Each structure stands twice: as structure tokens, then as C-alpha cells.
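Morning, everyone. Please have the sequence and the structure in view.

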Amino acid sequence: MDSGAGGGGNSLPSGPDGVKRKVCYFYDPEVGNYYYGQGHPMKPHRIRMTHALLAHYGLLQNMQVLKPFPARDRDLCRFHADDYVSFLRSITPETQQDQLRQLKRFNVGEDCPVFDGLYSFCQTYAGGSVGGAVKLSHGHCDIAINWAGGLHHAKKCEASGFCYVNDIVLAILELLKQHERVLYVDIDIHHGDGVEEAFYTTDRVMTVSFHKFGDYFPGTGDIRDFGYGKGKYYSLNVPLDDGIDDESYHFLFKPIIGKVMEIFRPGAVVLQCGADSLSGDRLGCFNLSIKGHAECVRFMRSFNVPLLLLGGGGYTIRNVARCWCYETGVALGVEVDDKMPQHEYYEYFGPDYTLHVAPSNMENKNSRQLLDEIRAKLLDYLSKLQHAPSVQFQERPPDSELPEADEDEDEDDDDRDGTWEVDFDKLPSRVKREMVEPELKDLYHLSQKFKFFRKRRI
């Protein structure tokens, strides 16, 4: 491994821009202990495996390693319904049989089981994502990483697809306090439906999701779904078929994201790096290599815009750890050796004990004609956006006070008392109007109407 990066979180120059990056990395040592249950494909242990690789490759010394503060009830309620958050806080495996109506109402119990420490798990992964957004907004780092986050299916008042709390929406809301426009890009194999739905009617957040479409969870993400009202053409969907490889993926990703960056000009970018789009995933059907997946991270990094990297799906856990370790290296500008160092989970990576694994010889069902049509359609949508929307900030909303501890440091709870809520009275009238009329929580009801019509087409 190239180990020339200095301490204090500064990375090496990398790529054509040659600019150093300061990287903040959020990790809670307890996260690997949460357990969805026997046979469930979502395994938080993969976060601990990723961390062990980062430690033994020597990457942790190049970053500021932070333990996230748990998100509080009021933090989660910036997006989620109060009664849903109260339910998550109170439900336990022992009491769930007494709450069958509530379980059904909030879609908890099957894909999204009740398990020991569920609410603490939600607080931890959401705290890392919002903490990363705060660090970026304060200019304390160029790239923030929370591999425990990226749970993109959670809705305002229901769990979905192994996701309970939508840490991504909460992080974007935090970034919107500082930035006029925020871009969300999703390379998980599943459609980023929860994030799209939250921002479907606004032009301040653009969402771009690359995903398997057609008889596949969650069933949304048609190319014809592109936002509504002020949000028209600010939600982009890239529907893909089985077996897509690196070359085909980048044929769409780079020109579409390049044009998005040129036209939308975001102040910050959130990239959900779900690793279920890798070849050989237990639940996936794509054929990306780790380098191909990581090329999306490298490409986003090249724009020199504050970048929040999040995890997401990924169910062949040895490959998830490989991928997110390599992508941490990409964020830092450090090339890591293919030969894996000895560490506590070394046996997971046999028989080759290498970081990279070859993609399969599965058929790529994405023809060049189909890819050409998708690319042309999405570039056409973007051509309808003449220039970046203007939201003039004369005065910033108050900063969120979400201090973090360097890993293993104890912090006084009293230090956490800061303001998370947007103080609308302190916002200039233009911003106030955009954020309140309609409010985010009202956008949910609007978006429900369009979800009905979207699903009818599938």
C-alpha cells in the first residue's frame, strides 16, 4: 500500500485534480453487534469487517476517526412522524406480540424485524450520517464517510427493505441548511425510493438512482418518473437490467452525472454506495467489479465538491467489506494492495485472500441500443433545466451542534444540546417559502399520489 499520506486526515493527491482531501470517518464499535435475526440477509457485522480491513491496511491513520453521537428523537422527527419514532423507541422482541396492529401499520416484522437494540441501531447509523453532514457543512473535511448509513428505503412513517430510519434524508436536510442545492446519487442495485419520495417536489435536491428495474424490489424507479411541480426533472431514474458490467454502467454514469454536475451545480453531494450492485451479491443480479463500483466514487470525488459517502445494501458480506475498504482508499487517494493483510476476519476472504474478485461471465442483458436510449432520454430531461435554480441565502440557518468524540473518547451528554431544527423565522423570505410551502412533511402526501400512478405502470 502507498502509505505516504500524512496524519490529521489529509490524503494523498490523486487523479487529475491532484488536490489533497481531508476525510472524516464515522464508526461505532458496537454497530457490528446488532443482529437482524437468523437467516436475515442484512448483517451489520459487515461494518465491523470493513473497519478491520481499514485498520490493517493502515487507512485509519490517514483519516479523522469519529464515533457518532446517537441521533435523538427530535433529530429523527425532522423527517419521520412522531408516532413512528415513538414506536421504534418502545418496541422490543418481548413486547411485539402485544403490538400487532402497530407492527402492521409501520411495516415492521418481516423484512424489517424487531430485534434487540433496534432503536439504538437506528440512532447510531443516523447519527453518523448527520454527523458527516455537519462536518462537511462546517468545512472540517472534504469527504465524510459513514458505511453504516445509506438506508434509503425508509419512509416518513414506515420501515421498508431492511431500513427503519432514513439517515440519508436527515443528512440532506442538514446539508440544505448550508447549501442551496444538494445532489443525491444512488448506486445500490435497488431504487432509492425513500429519498426520491422525500424530495420529489423540490428543486433544491436532485436525486439520481441507478438500479435494477422490472419485477424487482421496491418496484419504483421508472425512467418516466422525474419529479413533480418545482421538482420536475430533479428526480432522475436509470433503470437497468441483469448482468450490467463496468463498461456499460460507466457509459451511463459518467455522462449523466457529468451533465448533472454542470447544470445543477450542487453545493454538496451524497453518494449512496450500496454494494449489492457488485457481481456475486447474494440478493443482486448485476456484474460490477469492485474497481468498477469504486470508479463511481472516484468520479464523484473528482469534482472537488463536499462529498458524503454512505453504505447501503450488500449481502455477500466479504465482498461488501472489500468494496468499502477499497472505496475508502479511493476517497483518501491511497492505492491499497490486492494482497490482503492478516486480520481477525481473514478466513472470510479465502481461498485467494485478495481484495479484488473477478466478475462472472453472466450475460449482460443491457444492449447497447437500450443503453443509448436511456442515456439520450436522461440527457434530454437535463437539457430542459436551463440553469441551476437560484435560492439566495442572505443569512444561514443556525448550525446543528452535533459534536462527535474521537473514537473511544467519552463526551459529556450536555455538550450535545444544540439546535437541529431549521429556524424558519431567521431564513430570508425566499428560502422560507421554498422550505415551508409545502413543508417537507407535506411533500410526503403529495408524493403518495404519484407513487400510485408510478406503480400502475409496472
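Let's begin at His-40, which sits in the loop between β1 (23–26) and α1 (45–56). Helices here are DSSP runs of H or I with at least four residues, strands are E runs of at least two, and both are numbered from the N terminus.

Before I go on, the ground rules. This is a predicted model, so local features need pLDDT of at least 70 and side-chain atom pairs count only at pLDDT 80 or more, while totals for chains, interfaces and linings use all residues. Residues are numbered from 1 along each chain as its sequence is written, and side-chain values use heavy atoms, with hydrogens and water left out.

Back to His-40. Is it buried or exposed? Buried, at 9% relative accessibility. Buried means under 20% relative accessible area, exposed means over 50%, and partly exposed is in between, with a 1.4 Å probe and protein chains only. The His-40 side chain reaches the backbone nitrogen of Met-42 at 3.0 Å. That is a polar contact: N or O atoms within 3.5 Å, where, within protein, one must be able to donate a hydrogen and the other to accept it, and residues adjacent in sequence count only if both atoms are side-chain atoms.

What else does His-40 touch? Setting aside residues up to four places away in sequence, Glu-110, Asp-111, Pro-113, Phe-162 and Arg-282. Contact here means heavy atoms within 4.5 Å.

Asp-111 takes us to the annotation. The unreviewed UniProt entry carries a "binding site" covering Asp-111, Gly-161 and Tyr-315. UniProt positions are in the numbering used here, feature names are shortened, and annotations may be inferred rather than shown by experiment. Those positions spread over 205 residues of sequence, yet they cluster in space, with a largest C-alpha distance of 13.8 Å.

Take Asp-111. It lies in the loop between α4 (100–105) and α5 (118–137). Asp-111 is partly exposed, at 43% relative accessibility. Beyond residues up to four places away in sequence, Asp-111 touches His-40 and Phe-162.

Now Tyr-315. It is in the loop between β8 (307–310) and α10 (317–332). Tyr-315 counts as buried, at 7% relative accessibility. Its contacts, leaving aside neighbours within four places in sequence, are Pro-41, Met-42, Phe-162, Asp-276, Asp-281, Arg-282, Leu-283 and Val-320. Note Phe-162: it is on the contact list of Tyr-315, on that of Asp-111 and on that of His-40.

Next, a helix. The buried residues include Asp-167 and Glu-174, along with Ile-168, Val-169 and Leu-170.

On to charges. Side chains of opposite charge can pair when their charged atoms come close. A search of the whole structure finds 13 salt bridges. A salt bridge is a side-chain nitrogen of Lys or Arg within 4 Å of a carboxyl oxygen of Asp or Glu.

One of them joins Asp-241 to Lys-212, with the closest N and O atoms 3.3 Å apart. This pair links distant parts of the chain, 29 residues apart: Asp-241 is in the loop between β6 (235–240) and α8 (246–264), and Lys-212 is in strand β5 (residues 205–212). Asp-241 is partly exposed at 26%, whereas Lys-212 is buried at 9%.

Another pairs Asp-222 with Arg-224, at 2.9 Å from N to O. Asp-222 is buried at 5%, and Arg-224 is partly exposed at 45%.

Last, the cysteines. Cys-112 is buried at 0%, and Cys-325 is buried at 0%.
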